[in-house]
Amino acid sequence: MKVFKVFSISALIFSTFLVGSSKAQDNEVYSINLPYYDWKMKEGKYKLVFEQNCLMCHSPGYVFGQSKGKTGKDMWRTVVYQMINEFKAPISKDDAEKIIQYLNENYSN
């Protein structure tokens with residue numbers, strides 16, 4: 001019985017130590033350095049809407065990489081609605097249409 005008490009107390013102390021250790025880790029601050037690319041986006045109506053909705057998740061280069069050399073309003077519509085429907089990007093329909101307009105007017109041939 002005495003061995004059981006010693007074991008129980010040891011387990012309690014050890015588990016308290018583990019909980020305390022995990023809380024200490026929760027308070028640690030981590031940082032990562034991401035590469036910076038200085039993309040020069042073309043000025044245009046709804047540029048800000050594009051930046052606010054698209055660049056929170058990825059770079060402009062990723063957007064243009066999705067086009068795979070194709071351009072045109074239908075292609076940009078496909079890309080934007082793919083982000084909304086398949087990747088659940090939180091973009092309103094109104095903003096989606098503005099983004100499509102911005103990309104079509106500035107990045108279509």
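**Exercise 1. Find which residues Tyr107 is in contact with, leaving aside its neighbours within four places in sequence.**

*Solution.* Beyond those neighbours, Tyr107 is in contact with Lys40, Met41, Lys42, Phe64, Thr71, Trp76 and Tyr102. Keep in mind that this is a predicted model. Next, pick out Lys42: its charged end sits over the ring of Tyr107, 5.0 Å from the ring centre. We will come back to Tyr102 in the last exercise.

**Exercise 2. Repeat the analysis for the buried residues of H2.**

*Solution.* The buried residues here are Lys47, Val49, Phe50, Asn53 and Cys54. Looking down the axis of H2, you find them within an arc of 160°, so they line one face of the helix. Their packing partners are H3 and H5.

**Exercise 3. Identify the residues that touch the most other members of the largest nonpolar core, and the elements that build this core.**

*Solution.* The core holds 21 residues, and those touching the most other members are Phe50, Phe64, Trp76, Val80, Ile99, Leu103 and Tyr107. Two or more residues come from each of helix H2 (47-54), helix H3 (60-66), helix H4 (73-85) and helix H5 (93-107). The top contributor is H4, with seven residues.

**Exercise 4. Classify the aromatic pairs in the structure and see how they connect.**

*Solution.* A search of the whole structure gives two pairs. Take Phe50 and Tyr102 to begin with: their centres are 5.5 Å apart with 35° between the planes, a tilted pair. This pair joins distant parts of the chain, since Phe50 lies in helix H2 and Tyr102 in helix H5, 52 residues apart.

Then turn to Tyr102 and Tyr107. Their ring centres are 6.0 Å apart and the planes meet at 65°, so this pair is edge-to-face.

Check burial too: Phe50 counts as buried at 0% relative accessibility, and both Tyr102 and Tyr107 are buried. Putting the steps together, ring pairs link Phe50, Tyr102 and Tyr107 into a cluster.

Technical notes:
Residues numbered from 1 in each chain as written. Predicted model: local features only at pLDDT ≥ 70, side-chain atom pairs only at ≥ 80, totals over all residues. Heavy atoms only, no water. Core = buried A, V, L, I, M, F, W, Y, C linked by side-chain atoms within 4.5 Å. Buried < 20%, exposed > 50% of the residue type's maximum accessible area, 1.4 Å probe, protein only. Helix = DSSP H or I, 4+ residues; strand = E, 2+ residues; numbered from the N terminus. Contact = heavy atoms within 4.5 Å. Arc of directions from axis to C-beta. Phe/Tyr/Trp six-rings, centres within 6.5 Å; stacked < 30°, edge-to-face > 60°. Lys NZ or Arg CZ within 6 Å of the ring centre and 35° of its normal.
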